[in-house]
Amino acid sequence: MGLRILRILRQSWPRKQRSRPRLPLPGRMTLGALLGAALLSILSPGKAHAEFTVCNQTLDVVNLAVGQKVDNADQTDGWWTIGANQCVNVIREELTNRYIYLYATDVFGHAILNGSTEMCIDRRRFSIRGIEECWQRGHIAARFVEVDTQEQVRWTYFLTGSSP
């Protein structure tokens, strides 16, 4: 019987009117239309963020060097450290080269990828212009794997335990 009294009191109790805050919207645009427009602008393919991503699908940490043409000259850059089952964006701008070159080692410096294109690397972080005469210029010659991006503006390379 006490519960019935509470229901009667709650129904007869004067309710306080809540005022909803109104957002200043341009013209007569509804909130749904505004959210739809915001979502469309986020998902629209205006200026896509293009990149070259390398995903390490091995159980080891790898060190990665990347080679590509920059201003009509061959250039290598390194190092990116990629943990097991992680991905790293190594080129953040739109891809303009069809071919990207990769060299990867384990933490002991042993090559993981066995490529056929010889390019220059260094023991510490580097950015090296040119791929000729690595030893004579004080660098190390390494064999990079050529990755054909098929002229796409975005590409992901999956590094597995065996060479591609």
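**View 1. The largest nonpolar core of this predicted model has 18 residues.** Those with the most contacts inside the core are Phe 52, Val 54, Leu 64, Val 90, Leu 102 and Tyr 157. Look at where the core residues come from: strand 1, strand 2 (62-70), strand 4, strand 5 (99-105), strand 8 (140-148) and strand 9 each give two or more. Now pick out Val 90, which touches Phe 52, Val 54, Leu 64, Val 66 and Trp 80, if you skip residues up to four places away in sequence.

**View 2. Another core lies apart from the largest one.**

**View 3. Three strands make an open sheet with the order 4-1-9.** The pairing here is mixed. A handy bit of background: strands of a sheet pair through backbone hydrogen bonds, and they can do that parallel or antiparallel. Which strands stand at the edges? They are strand 4 (86-91) and strand 9 (155-159), and each has a single partner strand, so one side of each is left without a neighbour in the sheet. On average, neighbouring strands of this sheet are turned by 25 degrees against each other, direction ignored.

**View 4. Here's how strand 1 meets strand 4.** Strand 1 covers residues 52-56, and five bridges join it to strand 4. The two run antiparallel. You've met Phe 52 already, as one of the residues with the most contacts inside the largest nonpolar core.

**View 5. Glu 51 and Arg 154 form one of the three salt bridges in the structure.** In general, side chains of opposite charge can pair when their charged atoms come close. For Glu 51 and Arg 154, the closest N and O atoms are 3.4 Å apart. Glu 51 sits in the loop between helix 2 (31-43) and strand 1, and Arg 154 in the loop between strand 8 and strand 9, so the pair ties together parts that are 103 residues apart in sequence.

**View 6. Lys 69 pairs up with Asp 74 in a salt bridge.** Their closest N and O atoms are 3.2 Å apart. Lys 69 is partly exposed, with a relative accessible area of 42%. Asp 74 has 18% relative accessibility; buried means under 20%, so Asp 74 counts as buried.

**View 7. Asp 148 and Arg 98 meet in a salt bridge through their side chains.** The N to O distance is 2.7 Å. This pair links distant parts of the chain: Asp 148 belongs to strand 8, Arg 98 to the loop between strand 4 and strand 5, and they are 50 residues apart. Asp 148 is partly exposed at 26% relative accessibility, and Arg 98 is partly exposed too, with a relative accessible area of 35%.

**View 8. Zoom back out to the protein chain, with its two helices and nine strands.** Along the sequence, the pattern reads α-α-β-β-β-β-β-β-β-β-β. Of the 164 residues, 32% are buried. Take the contacts between residues at least 6 apart in sequence: 67% of them join residues at least 24 apart. The accessible surface comes to about 12,300 Å², and carbon and sulfur atoms account for 53% of that.

Notes: Residues numbered from 1 in each chain as written. Predicted model: local features only at pLDDT ≥ 70, side-chain atom pairs only at ≥ 80, totals over all residues. Heavy atoms only, no water. Helix = DSSP H or I, 4+ residues; strand = E, 2+ residues; numbered from the N terminus. Buried < 20%, exposed > 50% of the residue type's maximum accessible area, 1.4 Å probe, protein only. Contact = heavy atoms within 4.5 Å. Areas by Shrake-Rupley, 256 points an atom, 1.4 Å probe, with all protein chains shown as cover. Pairing = 2+ DSSP bridges. Axes fitted to C-alpha atoms, helices over the stretch in contact; angles between N-to-C directions. Core = buried A, V, L, I, M, F, W, Y, C linked by side-chain atoms within 4.5 Å. Salt bridge = Lys/Arg side-chain N within 4 Å of Asp/Glu carboxyl O.
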